[in-house]
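Subject: Structure for you to look over, with notes

Dear colleague,

I am passing on the structure that we talked about, and my notes follow it. Please read them with the model open beside you.

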Amino acid sequence: MRSRFSLSVFAWLVLVWLLLWGSADPLALLGAVIVALAVLLLFPLPTRRLPLLRPLRLARLAGYVLVDLVTSAVRTSREVLQYGGKVRAAVVAVPVLSDVDHVIATSANLVSLTPDTFVLQIDRRGHVFYVYSLGVRTREEADRAHDQALELQVRVVRALGPAEEAADVHERAHARRKSGAASPERAPGR
Amino acid sequence: MIVRDVICAVLLLSGALFCLLGALGLVRFPDLPTRLQAATKPQTLGLLLVLAGAAVRLELGDALALGLAGLFQVITAPVLAQLFGGVAYRTGACEPSVLVLDELDERLRADRR
């Protein structure tokens, strides 16, 4: 259990506690250390190195998710106003582009964060996400939802995934794209 | 100061609007997964906007605490959506007429054969 103690997580927990109290006086600091230690010792996590290798791509991923959040919130709102009770949805199978747990978990979480989709089920061995997508009425729209989830995954893998996966993820995603007209993407690699 | 007030007002009001639309979806949508989308998702953006609007008017230390609230929302909302969505699907709380395509069901049928 001791070997799993991670200094960065400890620092993060202390920071969270101080932010919650809104001050850094000695008493709050003492409380922060006690709480952080207690959390780490009582709920040990499989720690791993923090993926701070590619801050630029991470920032770009954050920006993409933010834009995605806004556009799909608007889309969901339109579904509410326009269709209401006659709303339609689809469950789409999307290939998983990574074989690393934390990358898959992050991808699934980000897909679920954007307002009109969430991951219904992950088939870890078969490498498939089943994504529930709101507002899908036709085959083309289902394909678009499929490609959108792929696109998000490409960005996650490139930001957080191991180097060998990040290198060719763009090609692998491209090969599995469904809606024929591929979006004008940047050249693969960088 | 006026600029700040305007930014704050725009953020707060648009955030409130998204929350309202989410609530409206909760009433209008037909089954659990679609309602779940309405309840959790525009709400997330709504909350983030409201927090941002409040942060504009606050001192830095308090604004950071609001950032923390936003972060937790962003981390926890998808987990909730996945758990509830998965349970709803497996227990048959999905209205079948809502789904135009269900590749998970196709797969499950194929496995059973």
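This is a predicted model: local features need pLDDT of at least 70, side-chain atom pairs count only at pLDDT 80 or more; totals for chains, interfaces and linings use all residues.

Gly46(B) is buried, because its relative accessible area is 0%, where buried means under 20% relative accessible area, exposed means over 50%, and partly exposed is anything in between (1.4 Å probe, protein chains only). This glycine belongs to helix 2 of chain B, residues 32–56, where helices are DSSP runs of H or I with at least four residues, strands are runs of E with at least two, and both are numbered from the N terminus. Between the C-alpha atoms of Gly46(B) and Val56(B), which are ten residues apart along the chain, the separation is 16 Å. Helix 2 of chain B also holds Gly53(B), which counts as buried because its relative accessibility is 0%.

Residues are numbered from 1 along each chain as its sequence is written, chains are lettered from A and ligands numbered from 1 in the order in which they are written, and side-chain values use heavy atoms, with hydrogens and water left out.

Chain A, to turn to its overall build, has six helices and three strands, which follow one another along the sequence as α-α-α-β-α-β-β-α-α. Of its 190 residues, 45% count as buried.

Over all chains, the search of the whole structure finds two salt bridges, a salt bridge being a side-chain nitrogen of Lys or Arg within 4 Å of a carboxyl oxygen of Asp or Glu. One of them joins Arg155(A) to Glu151(A), with 2.9 Å between the closest N and O atoms; both residues lie in helix 5 of chain A, four residues apart, which is about one turn of the helix. Arg155(A) counts as buried because its relative accessibility is 19%, and Glu151(A) is buried as well, with a relative accessible area of 10%. In chain B, the side chains of Asp5(B) and Arg57(B) meet in a salt bridge at 2.8 Å, N to O. That pair links distant parts of the chain, 52 residues apart, with Asp5(B) in helix 1 (residues 2–28) and Arg57(B) in the loop between helix 2 and helix 3 of chain B. Asp5(B) counts as partly exposed because its relative accessibility is 34%, and Arg57(B) is partly exposed at 43%.

On a 1 Å grid over the protein atoms alone, a cavity is a set of points where a 1.4 Å probe fits but cannot get out, whereas a pocket is an open set with protein on both sides within 12 Å along at least five of seven lines, and lining residues have an atom within 4 Å of a point. Grid points are joined across faces, edges and corners, and a volume is the space filled by probe spheres set on the points. By this rule there are three cavities of 30 Å³ or more.

The second largest cavity has a volume of about 110 Å³, and its lining includes Asp68(A), Ser72(A), Arg75(A), Asp116(A) and Gln148(A). Helix 3 (55–82) and helix 5 (139–160) of chain A each supply at least two residues of that lining, and helix 5 gives the largest share, four residues. The lining divides into four nonpolar, four polar and three charged residues, where Ala, Val, Leu, Ile, Met, Phe, Trp, Tyr, Cys and Pro count as nonpolar, Asp, Glu, Lys and Arg as charged, and the others, Gly among them, as polar.

The second largest pocket holds about 340 Å³ of space. Its lining has 17 residues, of which Arg75(A), Leu134(A), Gly135(A), Glu141(A) and Arg144(A) lie nearest the centre, and helix 3 of chain A gives the most, with five residues. By class, this pocket's lining has four nonpolar, six polar and seven charged residues.

With best wishes
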